[in-house]
Amino acid sequence: MALMLVKFDMKKRVKLAQTIWFLYWFAVMAGVLVFSMGLFFKIELRKRSELMDNNESHLLPNVLILMGLITCGVNAFGGKVCYDSLDPSKFIKWKPMLKPFLMFCVGLNGLLFVTALLCFVMRIPLQYTLAEGLKNGMRFYKDTDTPGRCYMKRTLDLMQMEFRCCGNDHYRDWFEIQWVSNRYLDFSAKEVKDRIGSNVDGQYLMDGVPFSCCNPSSPRPCIQGQMTNNTAHYSYDHYTEELNVWKRGCREAMVSYYGGLMNTIGALVLLVTMLEIAVTIGLQYINSSLSSLVNPEDPESESEGWILEKTVGETFTDIMANMKAMSKGGKVEEAEAGVATVS
């Protein structure tokens, strides 16, 4: 018994072919959309690639770009087949390759679904990538004279202003590292000597943050130095006063931004997957309805279309039987090759 059997006449077949042809070219546009989203996401990641701990973060945009290109090509071919199905003399040339093509489409649908899942789960490794990348970037903030690191100060400052964040997890992260270059320190000054001598690493640590942490919406002039020293500022208590620097850490801000992008892309890829499943089913109905014409010599005769020629259970049994037969055939060939070698 065929799965989801539908009876067709000439009028129904033409209407189906026209509908699926339209959907196929709509799916081509969907493929362009997937490609564009992958390209946009890759550009967004590259803008701050210095703050990523590894290159694995580019896996997802690369997959999206590849899947978008494949989807465009497959759907353009499917649209051509649908168009030619209106003319039996043209359709007959596509008939031998339709079964492999439909199997490839099923595989493509599975890959699109996996790609959509990747969009949702890649948020987790992104958190660790950003945590390490930001930590290293903050360490190199002061190295404005070191080749290969001289750009890090600008990158971090722009990032903190754009995302309205400060530090890795918190603004106090800046208290734990030396972010002012030795070039701008007066080592003859007592304060500098005391600060450097106060920690085992010999770093110039202070309770301050870079200017890019300042919140311009604050009515008070930005307090970015001696933030824990109440006597250094008039009418100031760092325990109770609302600080005029960004409170949110940059890892949280960037994960929220990139995570939102990935969730949006994942939802769109799921919609594209549903569209691909629809056109694959439609093409299968076209193929099966043209293969089962009551009178093959008469294109206007009635026919039947189906998704699977047998039930799901029977189809699965046939597939397993074919796989076993192929496996046995391979073993027989190996055995014959071994006998020939001995002879």
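Cys 119 is buried, because its relative accessibility is 1%. Buried means under 20% relative accessible area, exposed over 50%, and partly exposed in between, with a 1.4 Å probe and protein chains only. Cys 72 also counts as buried, at 18% relative accessibility.

This is a predicted model, in which local features need pLDDT of at least 70 and side-chain atom pairs count only at pLDDT 80 or more, while totals for chains, interfaces and linings use all residues. Residues are numbered from 1 along each chain as its sequence is written, and side-chain values use heavy atoms, with hydrogens and water left out.

Now the bonded cysteines. The structure holds three disulfides, a disulfide being a pair of cysteine sulfur atoms within 2.5 Å. One joins Cys 165 to Cys 250, S to S 2.1 Å. At 95° about the S-S bond, this link of Cys 165 and Cys 250 is right-handed. Cys 165 sits in the loop between α6 and α7 (190-197) and Cys 250 in helix α8, so the pair ties together parts 85 residues apart in sequence. Helices are DSSP runs (H or I, at least four residues), numbered from the N terminus. Cys 165 is buried, with a relative accessible area of 0%. Cys 250 is buried, with a relative accessible area of 0%.

A disulfide also joins Cys 166 to Cys 213, S to S 2.1 Å. The link of Cys 166 and Cys 213 is right-handed, with 85° about the S-S bond. Cys 166 lies in the loop between α6 and α7 and Cys 213 in the loop between α7 and α8, so this pair ties together parts 47 residues apart in sequence. Cys 166 and Cys 213 are both buried.

Cys 214 and Cys 222 form a disulfide too, with their sulfur atoms 1.9 Å apart. Here the link is left-handed, at -80° about the S-S bond. Cys 214 is buried at 17% relative accessible area. Cys 222 is partly exposed, at 32% relative accessibility. With the bonded cysteines numbered in sequence order, the pairing reads 1-6, 2-3, 4-5.

Next, helix α6. This helix covers residues 152-163, twelve in number. It reaches 16 Å from its first C-alpha to its last, close to the 16 Å expected at 1.5 Å a residue; that expected span is 1.5 Å times one less than the number of residues. Its buried residues are Met 152, Thr 155, Leu 156, Asp 157, Met 159, Gln 160 and Phe 163. An α-helix has 3.6 residues a turn, so residues three or four places apart point the same way. The cover over the buried residues of α6 includes α5 (123-139) and α8 (250-291). Arg 164 follows α6, with a positive phi near 55°.

His 58 lies in the loop between α1 and α2 (59-84). His 58 counts as buried, at 9% relative accessibility. Beyond neighbours within four places in sequence, His 58 is in contact (heavy atoms within 4.5 Å) with Lys 42, Leu 45, Arg 46 and Ser 49.

A search of the whole structure finds one cavity of 30 Å³ or more. On a 1 Å grid over the protein atoms alone, a cavity is a set of points where a 1.4 Å probe fits but cannot get out, and a pocket is an open set with protein on both sides within 12 Å along at least five of seven lines; lining residues have an atom within 4 Å of a point. The largest cavity is lined by Tyr 171, Arg 172, Phe 175, Met 227, Thr 228, His 238 and Leu 243. The second largest pocket has 20 lining residues, with Ser 85, Pro 88, Phe 91, Leu 290 and Leu 293 nearest its centre.

Note on methods. Helix = DSSP H or I, 4+ residues; strand = E, 2+ residues; numbered from the N terminus. Points joined across faces, edges and corners; volume = space filled by probe spheres on them.
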